[in-house]
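Trainee: I am new to this structure and would like a close look at a single part, the surroundings of the ligand. Please take me through that part.

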Amino acid sequence: MEDSKALTSVFETVIDAIVIIDSKGTMVRVNQAGAKLFGYDQDEMLGRNVSMVMPEPDHSRHDGYLRNYIQTGDAKIIGIGREVTALRKDGTKFPVRLAVSKVYIDNQLYFTGILHDLTKIKEAERKILELNHELEEKVHERTRELSEVVNRLLDTNQKLKYEVEERAKVQSALLHNERELKIALEKEKELNELKTRFVSMASHEFRTPLSTILSSASLINRYTDAEQQERREKHISKIKNSVAHLTNLLNDFLSISKIEEGKLRLHQEPIEINAFCKDIIEEISLNVKDGQHVHCTLLPEPAVLRFDKTMIRTILYNLLSNASKYSAESTVIELKVGVEDEHLELTVLDEGIGIPESEQKHLFDRFFRATNAGSIQGTGLGLHIVKRYVDLIGGNITFTSRQFKGSAFNVKLPLQHGEG
Ligand code: ADP
């Protein structure tokens, strides 16, 4: 194929528009695509200034551009290519990509412009932009909706949190109430139980001395003869003993109720310990069983210490009378008094029946009586009172006991140095 023919046919059939102008801007060649692009016939374009396909301001300035380039060689578009706006015959404008190159043919300067219609691309771009914008709007809208939802959720969360907290408070208050009710109920139960035990114990404990008093009184009534004085005295002494027993019993009840009401206060006063212990032993010795002997080890020297007299008396009296009560006749009861480490120490030992090991843990409970106490009279209150008094004084009580061998009770009371 001949070169120039081939080129011409390529020139005419390429899809992009090709416009060749001379150095003055006159169009010397326009291919079919070029003419079509601008809506002209090729003939209408050839020989005319290329500015005819340019809208303002390029339309008026194009000659100037060419002159400027030819004079300065300063290329704004040549060899570069850019997007420009073109003008159709019908006056409509449209975007094109324009690539310009210069050529010399027979020493004459020409410019070749290859134009590619960008209308569709631009339209697509615009659509993309529009879609983008719509998308952005949607995202924006969704974000706003989401943030509203989140805010509402946060609000609900806050309310829920508050509700949960309130509920927890109510629940804990309810629990607290329940616990208090339970405690109150337990107390009430315990009180009822105590009442029952107390009534059965009291009726039993009162009946024996009261019937002794009654029978002794009616016997005395019968002993009218002068020589029956001895018998009368025996019964008078029985009556006295029973009354004393009843008084003790009542004192115990009184102490217990005072302890329970929390009314007890310590009344400290100076006590000469040796003399005080001797008095109690004398008193106890009047009531011990036949042949029982109370052996006493006192302080090496008389000592005046401050204690609550009634309490310390009750403690000692109870321990010593138990030692006697739960021991056989002709046994030895021992009291040891000592002062050590700022404590007054009282130890009571006996050779009695002892306390069964399995029951020892209940020894200081109210109304507790060991199973081996049998018919020996008692209320089960004495040791409870002793323990409460010792606690009140700030002391300590311990014991060791073996059944059939005997028991040893040890009380340690802190010495008081202050007044009152
Ligand atoms: P009570 O002697 O009036 O029954 P206490 O509280 O003094 O009441 O004693 C409680 C129980 O402890 C007694 O019933 C008895 O079983 C037991 N007990 C106390 N002291 C002794 C002791 N020295 N030897 C044996 N058992 C004792």
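Trainee: How do the residues of the shell around the ligand divide into nonpolar, polar and charged?

Mentor: This is a predicted model, in which local features need pLDDT of at least 70 and side-chain atom pairs count only at pLDDT 80 or more, while totals for chains, interfaces and linings use all residues. Residues are numbered from 1 along each chain as its sequence is written, and side-chain values use heavy atoms, with hydrogens and water left out.

The shell divides into ten nonpolar, seven polar and three charged residues. Here Ala, Val, Leu, Ile, Met, Phe, Trp, Tyr, Cys and Pro count as nonpolar, Asp, Glu, Lys and Arg as charged, and the others, Gly among them, as polar. In total 20 residues surround the ligand, where a residue is near a molecule if one of its heavy atoms lies within 4 Å of it. The closest are N322, Y326, R369, T379 and L383.

Three elements, α8 (309–325), α9 (382–393) and β12 (406–414), each supply at least two residues of this shell. The most come from α8, which gives three. Helices (H or I, at least four residues) and strands (E, at least two) are DSSP runs, numbered from the N terminus.

Polar contacts are pairs of N or O atoms within 3.5 Å. A polar side-chain atom of R369 is 2.6 Å from a ligand oxygen, and one of K325 is 3.0 Å from a ligand oxygen. For G380, a polar backbone atom lies 3.2 Å from an oxygen of the ligand. The ligand exposes 520 Å² when taken alone, and the protein buries 98% of that; accessible areas come from the Shrake-Rupley method with a 1.4 Å probe.

Notes:
Polar contact = N/O pair within 3.5 Å; in protein donor to acceptor, adjacent residues only side chain to side chain.
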